[in-house]
Amino acid sequence: MHPGDFTPVCTTELGAAAGRATEFTDRGVKLCGFSCNDAESHKEWILDIKAATGNQVAFPLFCDPTRDFATSIGVLDQGLKDAKGLPLTVRACFVVDPKHVIKASIIYPASTGRSFDEILRCVDSLKLTTDHSVATPVDWNKGQDVIVNFPLTDKQAEDKFGKTGFTIVPLPSEKDGNGKWMPDKHYLRTTKDPSATGIQGCSCM
């Protein structure tokens, strides 16, 4: 979702998305764009995107010149208006699953181009954590260690990952009044990325 056609930041973004389209396709993700412009505007703008970035936009760009749809889903930025004084759509990325449920939304200010590295990282995390009983820590990237889901007890984690398949991070809050570690009260445990180790998936959502 972008504020408008023929705008500088959006031009670089759509060009970057086109240039990295195969990275999304490889992950089973379909790209599309959206703004409050009409089809003719999109067609002309695509030529500018190709000239500016060298990349051909081949994914759909949805049109909403009446702003009816944008209004219905609440994505108009009243602080960002076009030359006619009409509000533009927010600079946003929505990740939608096959059941049409929004799984992630990333909103940027109009002056800041989005990071496609971060969007791809988010997609990788969503796919992994949907299929396995794990969560991804700060700055995680595919292939790095992940976190064992908090609801799993240590026994359940052993059944899932093996007795030596995860590491417990010792934390002060997990000691009793005598300074001894309390059994099965470990909320921070790490394990290898299951997608890299071949562990069978199970739903955690």
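Guide: Two strands pair if DSSP finds at least two bridges between them; strands (E, at least two residues) and helices (H or I, at least four) are DSSP runs, numbered from the N terminus. The model is predicted, with local features needing pLDDT of at least 70 and side-chain atom pairs pLDDT 80 or more, while totals for chains, interfaces and linings use all residues. Residues are numbered from 1 along each chain as its sequence is written, and side-chain values use heavy atoms, without hydrogens and water.

Three bridges join strand β3 (residues 76-81) to strand β4 (residues 87-89) in the antiparallel sense. D77 faces L88 of β4 across the pair. Five residues lie between the strands of this hairpin, and G85 adopts a positive phi near 85°.

Elsewhere, the axes (lines fitted to C-alpha atoms over the stretch in contact, with angles from 0 to 180 degrees between N-to-C directions) of helix α1 (residues 8-19) and helix α3 (residues 39-53) come within 9 Å and cross at roughly 75°. Helix α1 is therefore roughly perpendicular to α3, a term covering 65 to 115 degrees. C10, T11, T12, L14 and G15 of α1 meet W45, I49, A52 and T53 of α3, contact meaning heavy atoms within 4.5 Å.

For C36, the nearest cysteine sulfur, that of C63, is 10 Å away. C36 is also buried, at 8% relative accessible area (under 20%, 1.4 Å probe, protein chains only).

How values were computed
Disulfide = S-S within 2.5 Å. Buried < 20%, exposed > 50% of the residue type's maximum accessible area, 1.4 Å probe, protein only. Parallel < 35°, antiparallel > 145°, perpendicular 65-115°, else oblique.
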